[in-house]
Every structure is written in C-alpha cells, then in structure tokens.
Amino acid sequence: MTEAPESSVVARLVAVREAVARSAVDAERDPATVTLVAVSKTFDAPDIVPVLEASQRVFGENRVQESKDKWPGLRETYPDVELHLIGPLQSNKVREALQIFDVIETVDRESLAAELAKEMPKTDRRPALYVQVNTGEEEQKAGIAPAEADAFIRRCREVHGLAITGLMCIPPADEPPSPHFALLSKIAARNGIAVLSMGMSADFEEAIQLGATHVRVGSAIFGVRG
Ligand SMILES: *Cc1c(COP(=O)(O)O)cnc(C)c1O
C-alpha cells in the first residue's frame, strides 16, 4: 500500500518535531524554547498546505519573489503564519520584503541596514531583524565576518536605529558544525542577543545542544528539493 504524499510530509514533520523536543530535553532545555522554522523554499502551495493543516505556522523562504507568489494566498486561509526570510536580500527588494516577512534573518551589510532604516518608517511593518554571520568566512557565502560582527551590530543599532534581536549562521558544508554554532552563540552573548537561528536538517540536534532558539529545517520535512 502506498501512502498519500501529504501523509508522508506530515509524518516527517511529526518526526522532526519529536527530534527537536528530544534534543531540547537532552540539553536540559524546555522544548518550548526551540522554534521549528519549516523551510518551504521551492515547494508550491499544495505541498505546504498539509504542513499548515498539521498546525505548523513558522516558515522560512529564501526568495522575495517566490514568497510573494506563494504566501499571500496561503495567508488568506492561515493568517497567523510567521514568515522568515533566510536568503540574501538585495537592497532594491527591501520594500517588498518588509511587506511579506515577519523576520528578516539575513541582515549582512551596511548598505542593507541603511536601506531597512530608510524604508521601515514608510510602513507600519516592523519585522524582527537578525544579523547573518559568515562563521566559516567562506567567500561565496553571505554574512558578516565574525571579527566584524560586534562593530556591525553596534552600527545597526546606534547609527541605523535597528533593533537586532537575533543572529543566524550557515556553517560550511564540509566541516563539523558545532564550532560554528558555539562561535555564533558567543557573539550573541556578548552583544546581548537572545535569538540564535542555527541548525538545518542535518545538524539541528547539535545546534539545539549549543543553544539554538530557531532551527531551519527543509528537506527533512518536505523531502528532497527538485
Ligand atoms: C535551504 C535552507 C535551509 C534548509 O536546509 P535543509 O538542509 O533542507 O534543512 C536552512 N537554512 C537556509 C539559510 C537555507 O537556505
């Protein structure tokens, strides 16, 4: 007997939720302190609906245009969705991003901070802002270098008036992730930042051990991306 595709996505969601809760308990943390961000990038609305029906409400997307195509329709039925931008944000997309996202996890450069500061007063939208740190100092990856993070966070706050409430990182694919999670946690602590977005399908358990408050899980829920 073959399972309907939506029941398998729900089965995977339930398994991920259980693994998240188990990791929190193992780390002597309250499971309620870890938020599962379901990364729905590349999946269309019909694939996302079963996950919404299973009461998942926090989602991550990496593109502004794709999110604009998908989420306004879904939000008519599920208005309490919380949408996180987890991909790079171009300055010329800031205005659109402010309209659709509740959290922007990828503040990574001065020009973007300046554009956010310029556009936010023109709207009533105040998404939470996280700074992305390039913990592996990878050339091809977005994010502020670890050595520049303190100064950048201070400038976001003091020069641009932005409330930075979180940090996000994507460790290098070919290295053990834990040292990167530990580094992000250290930078957050010394900057008075409580939110840590770290850990994906392959490593969210380690991230929770090291204090992740948000884990961004895509393929372990939705399956392999096409
Ligand atoms: C795609 C993506 C994820 C999810 O990755 P999976 O390995 O599918 O869980 C998490 N974070 C970011 C920034 C991503 O782009």
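Mentor: Happy to! A polar contact here is a pair of N or O atoms within 3.5 Å. By that rule, an N or O atom in the side chain of arginine 225 is 2.8 Å from an oxygen atom of the ligand. Taken alone the ligand exposes 390 Å², and the protein buries 89% of that (Shrake-Rupley, 1.4 Å probe). Keep in mind that this is a predicted model, where local features need pLDDT of at least 70, side-chain atom pairs need 80 or more, and totals for linings use all residues. Residues are numbered from 1 along each chain, and side-chain values use heavy atoms, without hydrogens and water.

Lysine 41 has a polar side-chain atom 2.7 Å from an oxygen atom of the ligand, while glycine 218 brings a polar backbone atom to 2.8 Å from a ligand oxygen. The residues around the ligand (a heavy atom within 4 Å) also include Val39, Ile86, Met200 and Arg216. By class, this shell has five nonpolar, three polar and three charged residues, with Gly counted as polar.

Lys41 and Ile86 are among the closest to its centre of the 24 lining residues.

Methods: A polar contact is a pair of N or O atoms within 3.5 Å; within protein, one must be able to donate a hydrogen and the other to accept it, and residues adjacent in sequence count only if both atoms are side-chain atoms. On a 1 Å grid over the protein atoms alone, a cavity is a set of points where a 1.4 Å probe fits but cannot get out, and a pocket is an open set with protein on both sides within 12 Å along at least five of seven lines; lining residues have an atom within 4 Å of a point.
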